[in-house]
Amino acid sequence: MRRKWIFLAAPLGMAIFIWIGGEVVMHLWNWNLPALFGWRQITFWQALGLFALCRILFGDLGMRVRGSHRSNFRRRMAERWEQMTPEEREKFSQGMRSCGGGQTTPLDSTPSA
């Protein structure tokens, strides 16, 4: 019984989310941009397309836990680093420096005379 409820509620919830997102984009656009830049007002369907484009380009930035991807990456790299031999670490460091991945400070660079 509970699964049937979810199968009915999920599409309805997604439709409501999409409708609200389109309405918010349309109202914000029509409220701000014509007054600021003299641009035309847009319809609901144009706003929905703009909303979809922004979701594709920028993802769900507000919904993601901040730093989770970065901390995951750092943890995996730390695990890999720990498993490397000193020779592999040096080879990796040299490769990062040669492709511009290494950070250099003014003390590291020699003055060209």
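This is a predicted model: local features need pLDDT of at least 70, side-chain atom pairs count only at pLDDT 80 or more; totals for chains, interfaces and linings use all residues.
The protein chain contains four helices and zero strands, and its elements follow the pattern α-α-α-α along the sequence. Of the 113 residues of the protein chain, 12% count as buried. The chain exposes about 10,400 Å², and carbon and sulfur atoms supply 64% of this area. Among contacts between residues at least 6 apart in sequence, 26% join residues at least 24 apart.

The largest nonpolar core is made of seven residues, namely V25, M26, I42, F44, A47, L48 and F51. Two elements, α1 (2-37) and α2 (44-58), each give two or more residues to this core. The largest share, four residues, comes from α2. In soluble globular proteins, nonpolar side chains tend to be buried together.

Helix α2 has 15 residues. From its first C-alpha to its last, α2 reaches 21 Å, close to the 21 Å expected at 1.5 Å a residue. The buried residues of α2 include F44, A47, L48 and F51. These residues cover an arc of only 105 degrees around the axis, and therefore lie on the same side of α2. An α-helix has 3.6 residues a turn, so residues three or four places apart point the same way. The face of α2 turned away from the buried side carries W45, I56 and L57, which are exposed. Just after α2, G59 takes a positive phi of about 70 degrees.

A search of the whole structure finds one salt bridge. The side chains of R75 and E79 meet in this salt bridge, with a distance of 3.2 Å from N to O. Both residues belong to helix α3 (residues 68-83); because R75 and E79 are four residues apart in this helix, about one helical turn separates them. R75 is partly exposed, with a relative accessible area of 43%. E79 is also partly exposed, and its relative accessible area is 41%.

Notes
Residues are numbered from 1 along each chain as its sequence is written. Side-chain values use heavy atoms; hydrogens and water are left out. A nonpolar core is a set of buried Ala, Val, Leu, Ile, Met, Phe, Trp, Tyr and Cys residues joined through side-chain atoms within 4.5 Å. Buried means under 20% relative accessible area, exposed over 50%, partly exposed in between (1.4 Å probe, protein chains only). Contact means heavy atoms within 4.5 Å. Accessible areas come from the Shrake-Rupley method with a 1.4 Å probe; for residues, only the protein chains shown count as cover. The expected span of a helix is 1.5 Å times one less than its number of residues. The arc is that of the directions from the helix axis to the C-beta atoms. A salt bridge is a side-chain nitrogen of Lys or Arg within 4 Å of a carboxyl oxygen of Asp or Glu.
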